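The exercises below are to be worked with the sequence and the coordinates at hand. Each task is followed by a solution in steps.

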Amino acid sequence: MSFGYALDPGYVAAHLGELALGLGWTVVLTVIGFLLGTLLGLLGAAVRVARVPLLSPIVAAAVEFIRTTPLFVQIFFLYFGLPDLGLRAPGFVVASAALVIWSAAYNVENFRAAIGAVPRSYHEAALALGLKPRTVFRRITLPMALRLAMASVTNTGVETLKNSALMVAISFPELTDTAVDLVAVSFRVFEVFTVIGAAYLLLTAAFTWLMRRLERRMAWPV
Amino acid sequence: MPAWVPPVARYMAQGLEATLLLALACSLASVALGTVLGIAITGELPLLRRVVRLYIELWRGLPLILILFFAFFALPAAGVRLDPLEAAGTGLTLWGSAVVADNVRGAILSIPRAQREGALALGLGWLATMRHVVLPQALRRVLPPTLNLLTSLIHGTSLAAQLGALELLESARRSIQRLVLEAGQPHSLPIYGAVMVVFFLICYPLVLLSRWLERRLKV
């Protein structure tokens, strides 16, 4: 390149250990955010669909607020704001909690939409056969909704993976934070960012592939 | 009202102004660039289509904060000087235009093939078909996702704080630092809480409008 910047792949090679550690933390955060966020989201959707008194409007309001404010500011609020109330938690706990809350909020809507997309006639037919409403939900509606929700839940999982990079705000040493620290001391911006950019794209591809396989295994013969 | 509030509020109002300007600039740039790219990817030049597809996959696939850092560190290394706000704007536009392009592509492809074939059969060229037949229908469908993107872009402006750009979140952070220095009291909870509420108040009308349009267009 002509602007006095010579590529030096050796720099990244010398720091692969740190980057691998950062990658490890990114994967850990993503898995926690995805699994707990999906579980909590399903629970929230059930509360909403069943119209549990008191709880349902609270879940609805929380979901709206979380989805309409920036996750980045939520992280600041949790990490720097809550200690004012004496609630101080280590970076890892805050990072995990922020991702779980965020992905749960999106998954409530994902699952709610999926439950709403199950044709009403199944529900009616099951009721007509004498099944109790609870059984209809557990044995008929839910199994179909889970399958319908796969694509959007996968999508939220991918966003959770990418959002784990926001933990750079609280200096939690995931992949992006590690990379930015390396760039700040070395200015090896193209080398470092190419490598971690590729890492994110590969992680996304791997995650999507896994979810596709799961989706196909769960699929019913039509 | 406690005495510390008015000066902080005045300072954060400046930050809010920067946030709104940044959001406006990125939205306009993203929609303009993204629409052109989205049309190009459905066009008839294979090489251009491949390049645009790569552009979309790349910027949509990376964490937004990483794109901002890239713009912040990489462009100076390539000889372009940007202040933090401009770097953030560049990063947000790269990402936003990729999202718009993908939405526009989806909307164009959702227009029934017969429409395009009919126009061609009537003797319209590619450009005239696009302008008079496909785009007027496609752009209506792309409205709700574009509003959602605007919300995401407004949210995304908060990432500029990480580059040190003085927008709303950064103005909150600096206010807290000053309060600690002057009075030993951070007041982080109400200040960051207020930042969230301000973002909510700006974005919620957009969210509601997008939902309403989506319902209306479906019928």
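**Exercise 1.** Among contacts in chain B between residues at least 6 apart in sequence, what percentage join residues at least 24 apart?

Solution. This is a predicted model, in which local features need pLDDT of at least 70, side-chain atom pairs count only at pLDDT 80 or more, and totals for chains, interfaces and linings use all residues. Residues are numbered from 1 along each chain as its sequence is written, while chains are lettered from A and ligands numbered from 1 in the order in which they are written. Start from the contact criterion: two residues are in contact if their C-beta atoms, placed from the backbone, lie within 7 Å. Keep the pairs in chain B that are at least 6 apart in sequence; 74% of them join residues at least 24 apart. For chain A, residues 24 or more positions apart account for 79% of the contacts with a separation of 6 or more.

**Exercise 2.** Why does the end-to-end distance of helix α2 of chain A agree with its residue count?

Solution. The expected span of a helix is 1.5 Å times one less than its number of residues. Helix α2 of chain A (residues 16-49) has 34 residues and should therefore span 50 Å; its end C-alpha atoms are 48 Å apart, which agrees. Just after α2(A), Arg51(A) takes a positive phi of about 50 degrees.

**Exercise 3.** Leu54(A) and His187(B) both lie in loops. Is each one buried or exposed?

Solution. Leu54(A) is in the loop between α2 and α3 (55-68) of chain A, with a positive phi near 70 degrees. Leu54(A) counts as exposed because it has 8 C-beta neighbours inside 10 Å. His187(B) sits in the loop between α8 (168-183) and α9 of chain B, and its phi is positive, about 50 degrees, although it is not a glycine. His187(B) counts as buried because it has 20 C-beta neighbours inside 10 Å.

**Exercise 4.** Which elements of chain B give two or more residues to the side that touches chain A?

Solution. The contact takes 29 residues from chain B and 32 residues from chain A. On the chain B side, the elements giving two or more residues are α3 (64-77) and α9 (188-218). Of these, α9(B) gives the most, with 11 residues. By class, this side of chain B has 22 nonpolar, 7 polar and no charged residues. Here Ala, Val, Leu, Ile, Met, Phe, Trp, Tyr, Cys and Pro count as nonpolar, Asp, Glu, Lys and Arg as charged, and the others, Gly among them, as polar.

Methods
Helix = DSSP H or I, 4+ residues; strand = E, 2+ residues; numbered from the N terminus. Buried ≥ 20, exposed ≤ 12 C-beta atoms within 10 Å, placed from the backbone.
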